[in-house]
Amino acid sequence: MGLLKAPENFGQDLYLKNMLSILLILFLRSCIASDHVKLMHRKKALIMDDVFRYIHGNLSGNLSLEVLEEQFFVSRHHLCREFKKLTGQTIHSYIVKSRLDLCKKYIEEGKSIKEIYTLGGFGSYNHFFRAFKKEYGMTPKDYYESLTE
C-alpha cells in the first residue's frame, strides 16, 4: 500500500479564506475602537454643552464648583481644566461675565438696583459694583445714565 501524495496547493483556498477573514475581523475591530474614541470625545463636548446650559439656567443661584461637581458627577479639577481648554477662560470668570451681561439687560429694562444684583446672582451690591466697574469701566449708574442720553 502506497501513501497518497497531496497536491502542492492542498488547502491553499481554505488558508486564503481564513487569512481574509482574519484581516476583515482586525479591520472591523479597529473601526469599532476608533468609534469608541470618537464617542468619548463627543461625550466630553456634550458634557460641556450641558455645563453651559446649566450655568445660563441658574445665573441667579449658587454656581460654585462644588455645585457643578455634584451636578455633573465630574471632579472640579477636570471640569476646570476642560472648561479652560474649551473657552480659554476660567469657569468663575465666565460665570461673572454671564451674570454681568444679565445685569446689563436688567439695567436696560429699568429694574431697581437691588433687583438687578439679586437676580444677577451677586451676593451683595459691593461685589456687583466692583465686578461691573472692572468689566465695563463704568458704574452701573453711569451705564444707566448713558442709556438715557
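The following paragraphs take up these topics in turn.

This is a predicted model, in which local features need pLDDT of at least 70 and side-chain atom pairs count only at pLDDT 80 or more, while totals for chains, interfaces and linings use all residues. Residues are numbered from 1 along each chain as its sequence is written, and side-chain values use heavy atoms, leaving out hydrogens and water.

Rings of Phe, Tyr and Trp (its six-membered ring) pair if their centres lie within 6.5 Å; planes under 30 degrees apart count as stacked, over 60 as edge-to-face and the rest as tilted. By this rule there are 11 aromatic pairs. In one of them, Phe 122 and Phe 128 are tilted, at 5.5 Å centre to centre and 55 degrees between the planes. Both Phe 122 and Phe 128 are buried (under 20% relative accessible area, with exposed meaning over 50% and partly exposed in between; 1.4 Å probe, protein chains only). One aromatic cluster includes these two residues together with Tyr 125, Phe 129 and Phe 132.

Elsewhere, Tyr 15 lies in helix α1, residues 12–57 (helices are DSSP runs of H or I with at least four residues, strands runs of E with at least two, numbered from the N terminus). Tyr 15 is exposed, with a relative accessible area of 52%.

The lining of the largest pocket receives at least two residues each from α4 (91–109) and α6 (125–136). Among the lining residues are His 92, Lys 97, His 127 and Arg 130. Here a pocket is an open set of points on a 1 Å grid over the protein atoms alone, where a 1.4 Å probe fits, with protein on both sides within 12 Å along at least five of seven lines; lining residues have an atom within 4 Å of a point.
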